[in-house]
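Here are my notes on this one, point by point. Have the model open while you read.

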Amino acid sequence: DAEAFPICDGEGIGFSSTKPARRYQSAQTLPSASEETDTEIPDYALPDWLETPASPTKPLFMPNFTPTPKPVNEYARIRGIALHSMMQRLCAQEDPLEKLCKITPEGFSEAEIAEMRGIIQNCLDAPEIVELLKKSEAELEVAAADGTLRRLDCVTITPECITIVDFKSGPPETTIPKSYAEQLQDYSAIMAEIFPNRDIHAGILWLETASFSWLHS
C-alpha cells in the first residue's frame, strides 16, 4: 500500500493520469497452423565475437555520456514541490506519521528522500502542527466574487473560525514577504465572504524550521 508520485515540470505536481488506459493491437495476425508452409532456413555462420568470453576487467559497453548533476536552482524547485505535496497528503490523516512512511516522491535518490522525510518528521514532532493537519483539508478550491478560483494549501474550518495555512519550503523569513502577505490577504477575503461572521487566521508554515508566521489583519 505504498504510495508514489512523480515530479513534473510546470505548475504543481504531476500525478497519474485519470484518462483510461488504452491497449493498441496490430491488425496483423500470425498464420494458423494449417496455413504455415515449410520454409528452408539457410545456415548462417556465427560471428567470432559472439563466442568470445567477456573480459573480467573491461566492460563490453561504455556509455558515451557523463551524467550531469541537477542544477542547484532546479533541484531546489522540484524539492520544494515534493515537500509541498508531501505535506498536503498528510492533511485529514488520523496518523500523519504513518501516512508519511508510505509517501515516496519519484525522481529522487534514497538520501534525498530521507532528507525530505526528516524535514517533515521535524514538523510532526510539533503537536500543534499534527493537530492542524488532522483537522484540515488540503488543496481546497474556492471561488472569488468575480468567479476566479483559488486553491488553498491547508484549511481548517470550525463554527468559530477559519484557519488558512500556506506551506513554504524556502528559508524562513522574520516577517512575511509582501507577495506572500498579499496572497494570504486574498485568501482571507474570499473565505470571509463564504463564511461571514467567523474569525479568519492566515499564516505560513515554514517547513524547514517547523515554525509559523501569522498574518495580522
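This is a predicted model: local features need pLDDT of at least 70, side-chain atom pairs count only at pLDDT 80 or more; totals for chains, interfaces and linings use all residues.

1. Residues are numbered from 1 along each chain as its sequence is written, and side-chain values use heavy atoms, with hydrogens and water left out.

2. The structure holds three aromatic pairs. One of them joins Tyr-180 and Trp-206, tilted, at 6.3 Å centre to centre with 45° between the planes. (Rings of Phe, Tyr and Trp, the last by its six-membered ring, pair if their centres lie within 6.5 Å; planes under 30 degrees apart are stacked, over 60 edge-to-face, the rest tilted.) This pair links distant parts of the chain, with Tyr-180 in helix H5 (residues 178-194) and Trp-206 in strand E6 (residues 199-206), 26 residues apart. Helices (H or I, at least four residues) and strands (E, at least two) are DSSP runs, numbered from the N terminus.

3. (Buried is under 20% relative accessible area, exposed over 50%, partly exposed in between, with a 1.4 Å probe and protein chains only.)

4. Phe-212 and Trp-214 make a stacked pair, 5.1 Å centre to centre and 15° between the planes. Phe-212 is partly exposed at 24%, and so is Trp-214 at 36%.

5. On the strand side, E6 pairs with strand E7 (residues 211-214) in the antiparallel sense over four bridges; DSSP has to find at least two bridges for strands to pair. Trp-206 has Ser-211 as its bridge partner in E7. The hairpin has four residues between the strands, and Ala-210 takes a positive phi near 50° there.

6. Back to H5: its buried residues are Ala-181, Leu-184, Tyr-187, Ser-188, Ile-190 and Met-191. Ile-190 and Trp-206 also belong to a second, separate core of 17 residues. A nonpolar core here is a set of buried Ala, Val, Leu, Ile, Met, Phe, Trp, Tyr and Cys residues joined through side-chain atoms within 4.5 Å.
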